[in-house]
Amino acid sequence: MGQKSLQSIAAAALAVLPFVNGQQPGSSTPEVHPQLPTWKCTTSGGCVQQQTSVVLDWNYRWIHTVNGSTSCTANGGVDKTLCPDEATCAQNCVIEGVDYTSAGITTSGSSLTLKQYVKGSNGQMNSVSPRAYLLGPDGNYEMLKLLGQELSFDVDLSTLPCGENGALYLSEMDKTGGRNEYNTGGANYGSGYCDAQCPVQTWMNGTLNTNGQGYCCNEMDILEANSRANAFTPHPCANGSCDKSGCGFNPYARGYTSYYGPGMTVDTSRPFTVVTQFVTNDGTTSGSLSQITRYYVQDGKKIPSAVSGGDTITASGCSSASSWGGLAGMGQALGRGMVLTFSIWNDASGYMNWLDSGSNGPCSSTEGNPSDILAKYPDTHVVFSNIRWGDIGSTVQTSGGNPGSGSSTTSASTKPAPTSTSTRATTTTKPSQPAQTHWGQCGGNGWQGPTQCQSPYTCKKQNDWYSQCL
């Protein structure tokens with residue numbers, strides 16, 4: 001995410017929750033994922049609904065002893081008596097499910113709402129700052145392969161003031177969340193996070209991180225925004241390091257100070273649609289990423305781009321990222337598949353100035369103080385909805401012009417495809433479910449994934465909420 005995101009999210013989580021990491025699923029709190037249907041689209045066949053859900057990050061959960069309630073974490077890491085190594089920790093400790101509403105996450109139909117603050121049992125407002133991932137029906141992360149494709153979604157940022165960041169982005173995480181014999185929850189419990197800021201976490205891809213190593217991976221920030229400023233930024237990685245600053249596009253920073261904001265060309269006082277296209281040099285899904293193009297839709301109409309010729313990030317414009325493979329390197333990660341990530345956070349150290357203050361936005365250098373945000377905007381939240389990905393030109397209906405061209409034509413009239421059925425042969429189907437892999441979940445109350453295991457494993461019940469392939 002942004003230059004200050006790692007420190008800020010960690011600080012927000014530590015302020016109200018134990019910094020937790022664990023392995024085997026417990027039974028005190030069932031893990032029931034909020035359903036969030038999404039759509040995969042083609043130009044020939046329309047959009048097909050996917051049975052997806054969201055899962056809260058592993059680090060926001062309670063880890064405790066198997067036969068008690070003693071925390072297995074201490075001082076921002078694991079209790080080394082209970083967890084001297086991965087195998088012993090797995091024997092001694094379990095990870096619990098979460099109450100998603102208390103964690104600031106709710107879904108309704110195709111909409112996902114993330115809240116910065118949630119009222120606790122004592123009546124006080126707590127900063128929960130959730131981070132969640134898109135989960136497939138098999139208990140693994142849904143891997144979006146977007147090279148030569150596009151991603152679209154609706155967003156409501158109207159309650160996000162200066163200093164807040166409602167983010168939707170991609171990280172090249174492991175599909176299983178690093179699931180292994182000691183961490184059987186894996187992606188189903190939100191493990192395996194990485195990004196281009198190379199966060200140092202107690203667990204790295206599902207394994208106890210005894211060396212204090214940073215976990216780097218390719219990151220594509222589709223949208224980092226509040227109601228006053230926004231940016232989209234590729235962060236490629238290579239050889240264990242990443243382009244942490246990235247070569248992003250921020251309309252305000254480009255000099256278009258009246259383009260994005262309440263009542264402006266992109267009117268952030270109301271919901272709008274964000275479309276991001278990953279264009280290759282040969283127009284295929286296997287070519288080299290040559291540009292990233294952004295356009296917006298509001299009131300059924302395509303909004304003219306801020307920049308003449310389109311709001312784009314080009315390969316030549318990302319020459320500063322050449323040490324990490326440049327835009328082509330980012331494209332390779334998009335081709336392999338990346339995990340869709342959602343978050344909301346504020347910045348206690350830098351007040352989000354890198355996003356919305358100075359040359360980057362209209363906010364003052366102190367407006368983003370989290371204590372001021374809590375006092376003035378306790379209901380600040382972001383809503384993402386109608387998430388679709390697929391062939392360029394397939395995720396948003398158009399008339400009077402083809403958005404797949406990435407042009408800034410003002411005569412195009414566009415309309416997001418409906419969230420249920422579509423006149424463009426949109427269908428709703430239930431994807432076939434493959435057999436679950438070793439250590440994966442195969443049953444339990446509320447489980448909607450596969451119930452058969454790959455040979456030679458069988459599905460064995462651990463508790464009412466969790467069965468796994470052993």
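## Aromatic cluster and pairs

Tyr-259, Tyr-260, Phe-272 and Tyr-296 make up one aromatic cluster. Rings of Phe, Tyr and Trp (its six-membered ring) count as a pair if their centres lie within 6.5 Å, with planes under 30 degrees apart called stacked, over 60 edge-to-face and the rest tilted. This is a predicted model, where local features need pLDDT of at least 70 and side-chain atom pairs count only at pLDDT 80 or more, while totals for chains, interfaces and linings use all residues. Numbering runs from 1 along each chain as its sequence is written, and side-chain values use heavy atoms, with hydrogens and water left out.

There are nine aromatic pairs in the structure. Take Phe-272 and Tyr-296: their ring centres are 5.9 Å apart with planes at 75°, so the pair is edge-to-face. Phe-272 belongs to strand E25 (residues 272-280) and Tyr-296 to strand E26 (residues 289-298), so this pair ties together parts 24 residues apart in sequence. Strands are DSSP runs of at least two residues, helices (H or I) of at least four, numbered from the N terminus. Phe-272 is buried at 2% relative accessibility, and Tyr-296 is buried at 1% (buried is under 20% relative accessible area, exposed over 50%, partly exposed in between, with a 1.4 Å probe and protein chains only).

Then there's Phe-342 with Phe-384, a tilted pair at 5.9 Å centre to centre and 45° between the planes. Phe-342 sits in strand E29 and Phe-384 in strand E30, so the pair links parts that are 42 residues apart in sequence. Phe-342 is buried at 0% relative accessibility, and Phe-384 is buried at 0% too.

## Nonpolar cores

The largest nonpolar core has 69 residues, and Leu-151, Phe-153 and Phe-342 touch the most other members. A core here is a set of buried Ala, Val, Leu, Ile, Met, Phe, Trp, Tyr and Cys residues joined through side-chain atoms within 4.5 Å. E29 supplies the largest share of this core, five residues. Apart from it lies another core of 13 residues, including Trp-58 and Trp-203.

## Positive phi

Tyr-351 has a positive phi near 60°, and Asn-386 has one near 55°. Most residues other than glycine have a negative phi. Tyr-351 is in the loop between strand E29 (338-346) and helix H4 (353-356) and counts as partly exposed at 22% relative accessibility. Asn-386 is in strand E30 (residues 381-391) and counts as buried at 4%.
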